Every structure is written in structure tokens, then in C-alpha cells.
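Here are my notes for your review. Please read them with the model open.

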Amino acid sequence: MPGPGLTAPRYISYIPLTDLPPDPANPKKHEIERIIASIKDHGFIDTPVVDERTSLVIAGHGRREALIEMQVRGEPIPDGLLLDDDGGWLVPVTRGWASINDRQAHAVLILLNRLGAAGGWDSQALAEILEDLATSDADLFDSLCISDDEMEELLREVDPEGLPQGPDGTDAPEKQEHFGDDFADDGYADSGDNERSGTVCCPACGHLFSPGR
């Protein structure tokens, strides 16, 4: 909390979902079903941001749309939201930032959507986390909705020796033997027309990933 006499330049406030108007100029598209699934799996984590000058959403259009759709469907209120006295959903939003004019508001609208993905990923670190999730908590791994192509491309970029369940891991031989002929010469699962079609086999541990299940 700020000390005596200090005012926080940014703060979280709960406001009615119906009082969270989108910016009609927002050019970003959203995969609403994936956002809904994420909110249902993990709660409402990433708070929208409101532009104090316009009172419009500057970040969080997809999350807003997902919440509205969930409410229309009669879904239970997500973790992280509050109920008002009339049963309406109160959403946490970040307040305190104001644009100078519409041009800055539109620039920030685009910038905030681009920054998150701009740096790319550390392939090895990402693969280690994904392998751990896939082998220990399939539901969490599936909640990431990683496509077959994305997973296969990632696994081709990493050093299998560096993965936690790599060739020196105690589970690796058993897993590779278990998958048998599905473990192709290049270390990836056969993607032919069989019951395991659409899966990717880790070259380190032999685990058969089912991205986006």
C-alpha cells in the first residue's frame, strides 16, 4: 500500500461487466472459446485496462467478450470476479492510465497486443516446462492448446540431452519401448492414419504428446 499522503498511480478496481465498454476501433481478433477455457481452468487472472480519458477498454477486449459469453451461457462466476447485490458480475480492472488523444489510445491498443509475443520463446526452457506438464499433468498441458505442428517444430529445435526426461532419465527407455514402432527413425511419432494420429513423440523421453486435445 502507498504510504501516507501518496496516491497510487495505478490501482485495481472492481466494476460491473456491463460498465466495461470496448473500443470500437480495436482491430484484434480473439479465440473466445480458448479464452473461456482458460478462465474456467485457471480463473480470471489478467485484468483488463481502462483508459481514463475515454472510459473504454485499452487492453482486455477478448477477456471481456469471453466473460459476457460465459454469463450468457449461465456459467458459474469465475474465480477472481465478485457478485454485486443484483447478481451481476464485477470485474477487476487496472485504472489510472489515461491517453493523451485518440491516436495515442489506438497506438497503445495495438502495442499492448504485440508486445507479449514480440520476444519469442527460449525453445529449450519452453520444451522443459511442456515436457514436465505433459508427463505429470495432462490436463494442464492440454489447457495450453498447443497445436501438433507447434509442438513438433519446438521439439526439433531442442537438445534432447537437456530435457529433464532425456536419454539419461530413468523413464526414457521404458517409454520409448512402450511406443514401439510409433517411434520413428528421426525420434518423432509416426503421424500416419492410426489411432495415435495427430500426436507428437518427444525425442528425449518418448512421451506421446497430444497437443490441443
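1. Where is the place of Thr-94? Thr-94 sits in strand β5, residues 89–97. Keep in mind that this is a predicted model.

2. Thr-94 counts as buried, because its relative accessible area is 19% and the cut-off for buried is under 20%. Leaving aside residues up to four places away in sequence, Thr-94 touches Tyr-11, Ile-12, Thr-47, Pro-48, Val-49 and Val-50.

3. Ile-12 also belongs to a nonpolar surface patch, together with Tyr-14 and Leu-82. The accessible area of the three together is about 280 Å². Leu-82 lies in strand β4, residues 82–83. Leu-82 has 42% relative accessibility, so it counts as partly exposed.

4. Helix α2 covers residues 61–72. Its length checks out: at 1.5 Å a residue, the 12 residues should span 16 Å, and the end C-alpha atoms are 17 Å apart, which agrees. Buried residues in α2 are His-61, Gly-62, Arg-63, Arg-64, Ala-66, Leu-67 and Met-70. An α-helix has 3.6 residues a turn, so residues three or four places apart point the same way. Just after α2, Gly-74 takes a positive phi of about 80°.

5. Now confidence. Mean pLDDT for the protein is 80, with 74% of residues at 70 or more.

6. Take care over residues 167–197, where pLDDT stays under 50. The model has 50 contacts beyond four places in sequence for this stretch. Where pLDDT is low, the predicted coordinates should not be read in detail.

Key. Residues numbered from 1 in each chain as written. Predicted model: local features only at pLDDT ≥ 70, side-chain atom pairs only at ≥ 80, totals over all residues. Heavy atoms only, no water. Helix = DSSP H or I, 4+ residues; strand = E, 2+ residues; numbered from the N terminus. Buried < 20%, exposed > 50% of the residue type's maximum accessible area, 1.4 Å probe, protein only. Contact = heavy atoms within 4.5 Å. Expected span 1.5 Å × (residues − 1). Patch = residues over 30% accessible without salt bridge, like charges linked within 9 Å, V, L, I, M, F, W, Y side chains within 5 Å. Areas by Shrake-Rupley, 256 points an atom, 1.4 Å probe, with all protein chains shown as cover. Salt bridge = Lys/Arg side-chain N within 4 Å of Asp/Glu carboxyl O. pLDDT = per-residue confidence, 0-100.
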